[in-house]
Amino acid sequence: KGDYIEAGDVGGTVDETGLFMTRMHTVQGLFIAVPNSILWSNVITNYSRMPRRRFDLLVGISYDADVDKARDVLMQVLLDDGRVHRSPEPLVVVRALGASSVDLEIRAWTDRQTYWDMNFDLTRKVKLALDEANISIPYPHTQIVMSPEILEKLSGGHSQKQIGSENKTDKSNKPKSGGPGRGKKPRNIPA
């Protein structure tokens, strides 16, 4: 009773365990009654049982950034926070060389009761510290490379120079006629 658990797709703080049902409330303030058969047939993760929890954060930095400087900046953020345990020692390591970034992993232990506040605070402080050190956090991007033949077909026979000059001379905000969606507000389409 009182522990926050997850089992399968269900998560909440246990209020009462009965013979057939476990009554819980969610972080959104909803009451749920979960058949014990669902709990028994899934792995149960108990977030309240252990006295300490580990904070993990993956941060991508630009390939142009100084990795050692970034590591030092992030370690200082951890050491400046009194909620971070000194044993085991906090850790900042290069985790991976990603498609758009060098990925650094931050690990630090804290008391269970302070975990969420520390999680939110440190995530914010990491961003601010990297900004202050002029270390950029890149966003994923894709570069599309096309052969001149494909580009010619896609441009409808116009050369790149012609397309560029058309864009420079037409500065009106009037919607162009023809083609789907011209002059309409773009829709959000998932990638």
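Helices (DSSP runs of H or I, at least four residues) and strands (runs of E, at least two) are numbered from the N terminus. The structure is a predicted model, in which local features need pLDDT of at least 70 and side-chain atom pairs count only at pLDDT 80 or more, while totals for chains, interfaces and linings use all residues. Residues are numbered from 1 along each chain as its sequence is written, and side-chain values use heavy atoms, with hydrogens and water left out.

Two loops hold backbone features. P88 is placed in the loop between helix 2 and strand 7 (91-97), and the peptide bond from S87 to P88 is cis, with omega near -5°. N134, in the loop between helix 3 and helix 4 (148-154), has a positive phi of about 55° although N134 is not a glycine.

Two packed helices are described by the angle between their axes and the distance between the axes. Helix 2 (residues 67-79) packs with helix 3 (residues 115-132) at an angle of about 140°, and the axes are 10 Å apart. Helix 2 is therefore oblique to helix 3; angles under 35 degrees count as roughly parallel, over 145 as roughly antiparallel, 65 to 115 as roughly perpendicular and the rest as oblique. Axes are lines fitted to C-alpha atoms, for helices over the stretch in contact, and angles run from 0 to 180 degrees between N-to-C directions. The contact (heavy atoms within 4.5 Å) involves V73, L74, V77 and L78 of helix 2 and L122, K125, V126, A129 and L130 of helix 3. By class, these contact residues are eight nonpolar, no polar and one charged, where Ala, Val, Leu, Ile, Met, Phe, Trp, Tyr, Cys and Pro count as nonpolar, Asp, Glu, Lys and Arg as charged, and the others, Gly among them, as polar.
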